[in-house]
Amino acid sequence: MIDKRVDNLQAALAGIRDGSVVMVGGFGAVGQPDFLVNGLAEQGARDLTIVANNAGWNRETGIPRLFDLGRVRKIVCSFPKNSPAFDDLFRVGRIELEIVPQGTLAERIRAGGAGIPAFYTPTGVGTPMAAGKEVRTFNGKDYLLEHGLRADVALIEAWRGDRWGNLSYRGSGRNFNPIMATAAQLTIAQVHEFPELGELEPDNVVTPGIFIHRIVKVVP
Amino acid sequence: MNPQAGFDRRAMAQRVARDIPEGWVVNLGIGLPTQICDLVSADREVIFHSENGILGMGPQPTPDQVDPWLVNAGKQAVTLRPGASLFHHADSFTMIRGGHLDLCVLGAFEVASNGDLANWTTDSNDKTPAVGGAMDLAVGARRLWVLMEHVTKKGQPRLVERCALPLTAPGVVKRVYTNLAVLEVIDRKFKVLDLAPGVTLKEVQNLTAAPVVS
């Protein structure tokens, strides 16, 4: 029997090592796997590189908590605004920031998950974002070379998930979660409901279980 | 200039809403452009896109309609209209970068008369740089309109011959809606399409650091 469900955070996060690259899903508070991220703060891995669209805001929870505990070496991010915990570290040069346009970030993750090492995009041509990047002309228009992104671990949130790891989402909670699920060595999903195998309509599965390694239910 | 002259912020957003034809798919940037969504009546079928994976955003929710699982690019609660769909970020930016949006309306710090857009960083050292989806939207949407105040809080023109701030994208802005006028970006000039109530062409020219023609 295949059963990817684990019944506690310790089991969900076991084996995450210092120095890991960790993708964290979410856009604003929606689809953000804070239950797992808070668990990672307890688990204690350090020297992390976080890949996430935002840098959080409320320093009590989620990514800002990892910042305050000094666990994060670098963040790869499109919009690190409104995060006092990030600002405090960034201002004194204690965290590295790789700023990436949001669509380039999404496509780098998609490409990483799809086995595509690099691609050309029009985004960022003629801006400071192009510094140091290869420019190539296709049909008279310039494009930047960008590289696919993979991670050691992806922490994601979905709404429902079965024991095979098939996932469905709610509202605008998909955002980066389905693509990050494809791009990591170890993908861990937090969900709000554990339907029985077969209860999720195959038509409505957004992330097929092939991408999921562990699944844990959020305890409020 | 008469201090009563010009559009207030709501009227600025309304002026843009008026010009969006039925049937267009439109992305609205964070800040003032977001308000445009509420100013197009539901019987006109304009499809609003949000970069975080929504097509078919409706008006702002009433307090009892708020769904904490449904937010727009500015992380504000939104509603879905009949016909709406939800998707992930790679699909969302496929729509954006792939040229599937008819229009994007963004705020800006500066717009140049050659269409250059600067709207992502003011480049001062103490601020955190944050780009979000602006660069993808600027190059990907079929049309880019800017909605912004005509001058800075200190009274400096935002419509210029050359942007001083780091660019979001070169040569992309087609039209600018300000509190004073609606201007087309054409032949390295700003061409006035419409003046706000009580505003003269001369006043617009005096507050613009690039050629303005009527």
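Guide: Let's settle one term before we go in: two residues are in contact if their C-beta atoms, placed from the backbone, lie within 7 Å. On that basis, the contact takes 34 residues from chain A and 32 residues from chain B. Bear in mind that this is a predicted model, so local features need pLDDT of at least 70 and side-chain atom pairs count only at pLDDT 80 or more, while totals for chains, interfaces and linings use all residues. As for labels, residues are numbered from 1 along each chain as its sequence is written, and chains are lettered from A and ligands numbered from 1 in the order in which they are written.

For chain B, pLDDT (the predictor's confidence in each residue, from 0 to 100) averages 95, and 97% of the residues score at least 70.

Back to the meeting place, from chain B's side. The contact takes those 32 residues from chain B, and helix H2 (89-97) and helix H3 (134-140) of chain B each supply at least two of the residues on the side that touches chain A. Helices here are DSSP runs of H or I with at least four residues, strands are E runs of at least two, and both are numbered from the N terminus. H2(B) gives the most to that side, with 5 residues. Sorted by class, the side of chain B that touches chain A has 18 nonpolar, 8 polar and 6 charged residues. The sorting goes like this: Ala, Val, Leu, Ile, Met, Phe, Trp, Tyr, Cys and Pro count as nonpolar, Asp, Glu, Lys and Arg as charged, and the others, Gly among them, as polar.

Now stay with H2(B) and look across to its partner. Two packed helices are described by the angle between their axes and the distance between the axes. Here helix H5 (residues 102-114) of chain A packs with H2(B) at an angle of about 125°, the axes being 9 Å apart. Axes are lines fitted to C-alpha atoms, for helices over the stretch in contact, and angles run from 0 to 180 degrees between N-to-C directions. That makes H5(A) and H2(B) oblique to each other; angles under 35 degrees count as roughly parallel, over 145 as roughly antiparallel, 65 to 115 as roughly perpendicular and the rest as oblique. The crossing of H5(A) over H2(B) is left-handed, a word that applies if the near helix is turned anticlockwise from the far one by less than a right angle (clockwise would be right-handed).

Which residues do the meeting? From H5(A) come Gly103(A), Ala106(A), Glu107(A) and Arg110(A), and facing them in H2(B) are His89(B), Ala90(B), Phe93(B), Ile96(B) and Arg97(B). By class, this helix contact has 4 nonpolar, 2 polar and 3 charged residues.

Next, a stop inside chain A. Val24(A) sits in strand E1 (residues 21-24) and is buried, with 31 other C-beta atoms within 10 Å. Buried takes 20 or more other C-beta atoms within 10 Å of a residue's own, exposed takes 12 or fewer, and partly exposed is in between, again with C-beta atoms placed from the backbone. Beyond its neighbours within four places in sequence, Val24(A) touches Pro33(A), Val37(A), Ile50(A), Ala52(A), Ile63(A) and Leu155(A). Val37(A) is 13 residues from Val24(A) in sequence and 8.0 Å away, C-alpha to C-alpha.

Val37(A) is also one of the buried residues of helix H2 (residues 34-43) of chain A, and the others are Asp34(A), Phe35(A), Leu36(A), Gly39(A) and Leu40(A). Those buried residues of H2(A) pack against E1, helix H1 (9-13), helix H3 (63-68), strand E8 (151-157) and strand E11 (184-191) of chain A. After H2(A) comes Gly44(A), with a positive phi near 100°.

Positive phi turns up at non-glycines, too. Asn82(A) has one of about 65°; Asn82(A) lies in the loop between strand E3 (72-77) and helix H4 (84-91) of chain A and is partly exposed, with 16 other C-beta atoms within 10 Å. Over in chain B, Asp187(B) has a positive phi of about 50°, in the loop between strand E11 (181-186) and strand E12 (189-195), and counts as exposed with 10 C-beta neighbours inside 10 Å.
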